[in-house]
Amino acid sequence: MEDVLDLYTQAHPDDEPLICMDEASKQLLRDSADTLPIPMAPGRPRREDYHYERRGTQALFMFFDPVRGWRRVAATDSRTRVDWAEQVRVLLDVDYPKARRVKLVCDNLNTHSIASLYEAFPAAEAHRLARRLEIHYTPRHGSWLNVAEIELSALARQCLDRRLGSADEMRAEVAAWAADRNTTQTRVRWRLTTDQARIRLRHLYPQFES
């Protein structure tokens with residue numbers, strides 16, 4: 001925990017950005033052909049029937065720079081080791097090609113590891129990417145320390161709280177949402193420090209007799 005808290009209070013120059021990543025999934029739902037929604041009208045909200053068609057799911061990869069107010073959300077058909085590795089490659093080579101090192105905060109899932117790079121790419125390519133990646137894991141039951149969860153929550157409330165019937169529709173909506181947030185450079189200011197955590201969360205620390 002303290003590793004992540006310390007990281008949030010450090011300076012992050014342009015060539016060593018701090019990126020927080022998290023994953024989620026969204027079920028694709030489409031209105032049934034025989035129960036189309038009733039459009040909204042003056043004094044009446046849009047109405048949907050409780051019947052719908054399931055159209056599969058999409059995995060969402062959120063990459064968020066809380067210092068600069070930048071984020072990228074990728075919607076994919078799956079969330080395997082190879083999927084994660086490809087998103088990391090995009091982060092390093094496309095999003096931050098000039099960064100000497102990217103400090104990545106993520107949950108301690110088995111897919112979130114350097115080994116995933118070697119499963120997805122030839123050894124030389126995996127090694128090249130790994131040398132530019134510094135992973136910081138949130139502790140078990142401590143995913144709330146990852147500010148990417150805050151962005152995923154905003155995405156769920158502002159963009160995904162409705163029926164989206166196809167992968168293309170979801171990707172277009174998510175891209176528009178991220179572009180708007182990037183334009184306004186919406187940031188997260190983390191306030192909990194290591195010293196404060198030792199007081200507020202002292203029940204998580206070993207207790208020693210004085």
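Visitor: Which residue in strand 5 stands opposite Leu104?
Guide: In this predicted model, Leu104 faces Ile135 of strand 5.

Visitor: How many bridges join strand 4 to strand 5, and do they run parallel or antiparallel?
Guide: Five bridges link strand 4 to strand 5, residues 133–137, and the two run parallel.

Visitor: Is strand 4 buried or exposed?
Guide: Buried: five of the five residues in strand 4, residues 102–106, count as such, so the strand is largely enclosed by the rest of the structure.

Visitor: Which residues sit on which side of strand 4?
Guide: Val102, Leu104 and Cys106 are on one side, with Lys103 and Val105 on the other. Both faces are covered. In a regular strand, side chains alternate between the two faces of the sheet.

Visitor: Switching to helix 2. How many residues does helix 2 have, and what span does it reach?
Guide: Helix 2 covers residues 81–95, which is 15 residues. From first C-alpha to last it reaches 20 Å, close to the expected 21 Å.

Visitor: Which residues of helix 2 are buried?
Guide: Asp83, Trp84, Ala85, Gln87, Val88, Val90, Leu91 and Leu92.

Visitor: And the whole chain, what is the pattern along the sequence?
Guide: The order is α-β-β-β-α-β-α-α-β-α-α-α, with seven helices and five strands.

Visitor: What share of the residues is buried?
Guide: 42% of the 210 residues.

Visitor: How many positive and negative side chains are there?
Guide: There are 32 positive and 32 negative ones, and the centres of the two sets lie 3 Å apart.

Definitions and conventions:
Residues numbered from 1 in each chain as written. Predicted model: local features only at pLDDT ≥ 70, side-chain atom pairs only at ≥ 80, totals over all residues. Heavy atoms only, no water. Helix = DSSP H or I, 4+ residues; strand = E, 2+ residues; numbered from the N terminus. Buried < 20%, exposed > 50% of the residue type's maximum accessible area, 1.4 Å probe, protein only. Lys, Arg positive; Asp, Glu negative; His and termini not counted. Charge placed at Lys NZ, Arg CZ, Asp CG, Glu CD. Expected span 1.5 Å × (residues − 1). Pairing = 2+ DSSP bridges.
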